[in-house]
Amino acid sequence: MAEPRNRYSTVSLVLHWLIAALVITQVALIAGHEAVEGDRTFLNLHKSVGLGILILTLGRLGWRIANPALPLPEDMPRWQKLVARATHLLFYLLLIAMPLVGWAASSAAGRDIVWFGLFNWPLLPIGGGREMAGSLMDLHEAAAKALYVLIALHVAGALKHHFMDRDNVLHRMIPWIPRRP
Ligand code: HEM
Ligand code: HEM
């Protein structure tokens, strides 16, 4: 009989940690943008990285469908499994919706997106000018707040598994943490 899988594939691990690092980078780039007035370098980078996250997340979802997630520990209460699954689902939703909304806002405002200085990312056929762009950015900001809540919940959950439940949930996402018997 095949052994039950007890770790994620390297692709899943790399995508998890790369996307997590890029999401933190996104917040740092906005902080940088707010610190330097009138210079759009950080904002342009934020747009490029954000569209990169969109591509990576779509790829990750495809990989996830082909390689389903590991089951959560059997003794985990049902409500905790539900919260964990809902958090993961909402992460995927936000990591697709946020770049799409940002892209739509730049498109409505007619602002070119030059992807990492390499080429002009195509704009979406969205009218409405600055007013529409403003409403879309309100949505982008609200999504950012939701994202912060999810990150806090997610990290608290991961630490609870490791330090309170003392199971292997964190180990399978960070394989160099020793496996518990
Ligand atoms: C912005 C940062 C992060 C994002 C967007 C994120 C997103 C995700 C997503 C979407 C999953 C579900 C994977 C799947 O089943 O398809 C996941 C799993 C996981 N994440 Fe994160 N993550 C982030 C940061 C972290 C951090 C900092 C930790 C550790 C402290 C962590 C620990 C884990 C663990 C242990 C799992 C596996 C849960 C399981 O096996 O069911 N994540 N993460
Ligand atoms: C997953 C990808 C993305 C994440 C996590 C993200 C996150 C954020 C965050 C946290 C903020 C600050 C919100 C606030 O003021 O409270 C922000 C602002 C902004 N984002 Fe994004 N973003 C992403 C993708 C994009 C994309 C693809 C674009 C455009 C193509 C974009 C354009 C903007 C703009 C124009 C602002 C406002 C900057 C300012 O003037 O202060 N974002 N984003």
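1. In the contact of helix 2 with helix 3, Lys47, Gly50, Leu51, Ile53, Leu54, Thr57 and Leu61 of helix 2 meet Tyr92, Leu95, Ile96, Met98, Pro99, Leu100, Gly102, Trp103 and Ser106 of helix 3. Two residues are taken to be in contact if their C-beta atoms, placed from the backbone, lie within 7 Å, and helices (H or I, at least four residues) and strands (E, at least two) are DSSP runs numbered from the N terminus. By class, the residues of this contact of helix 2 with helix 3 divide into 11 nonpolar, 4 polar and 1 charged, where Ala, Val, Leu, Ile, Met, Phe, Trp, Tyr, Cys and Pro count as nonpolar, Asp, Glu, Lys and Arg as charged, and the others, Gly among them, as polar.

2. The model is a predicted one, in which local features need pLDDT of at least 70 and side-chain atom pairs count only at pLDDT 80 or more, whereas totals for chains, interfaces and linings use all residues. Residues are numbered from 1 along each chain as its sequence is written, while chains are lettered from A and ligands numbered from 1 in the order in which they are written.

3. The axes of helix 2 and helix 3 come within 9 Å and cross at roughly 140°, the axes being lines fitted to C-alpha atoms, for helices over the stretch in contact, with angles running from 0 to 180 degrees between N-to-C directions. Helix 2 and helix 3 are therefore oblique to each other, given that angles under 35 degrees count as roughly parallel, over 145 as roughly antiparallel, 65 to 115 as roughly perpendicular and the rest as oblique. Their crossing is left-handed, that is, the near helix is turned anticlockwise from the far one by less than a right angle (clockwise would be right-handed).

4. Helix 1 and helix 2 pack with their axes 9 Å apart and at an angle of about 160°, which makes helix 1 roughly antiparallel to helix 2. Helix 1 passes helix 2 in a left-handed crossing, and the contact between helix 1 and helix 2 has 15 nonpolar, 9 polar and 1 charged residues.

5. Ligand 2 is surrounded by 24 residues, of which the closest are Lys47, Gly50, Pro99, Gly102 and Ala144; a residue is near a molecule or strand if its C-beta atom, placed from the backbone, lies within 6 Å of it. At least two residues of this shell come from each of helix 1 (10-35), helix 2 (41-66), helix 3 (78-109) and helix 4 (129-165), and by class the shell holds 14 nonpolar, 7 polar and 3 charged residues.

6. Around ligand 1 there are 19 residues, the closest being Ala20, Ala69, His88, Phe91 and Met173. Helix 1, helix 3, helix 4 and helix 5 (169-173) are the elements that give two or more residues to this shell, which has 14 nonpolar, 3 polar and 2 charged residues.

7. Ile113 lies in strand 1 (residues 113-115) and, leaving aside neighbours within four places in sequence, is in contact with Lys47, Ser106 and Trp121. Ile113 and Ser48, 65 residues apart in sequence, are 7.6 Å apart in space, C-alpha to C-alpha. Because Ile113 has 18 C-beta neighbours inside 10 Å, Ile113 counts as partly exposed (buried means 20 or more other C-beta atoms within 10 Å of a residue's own, exposed 12 or fewer, partly exposed in between, with C-beta atoms placed from the backbone).

8. As for the protein chain, there are 5 helices and 2 strands, in the pattern α-α-α-β-β-α-α along the sequence.
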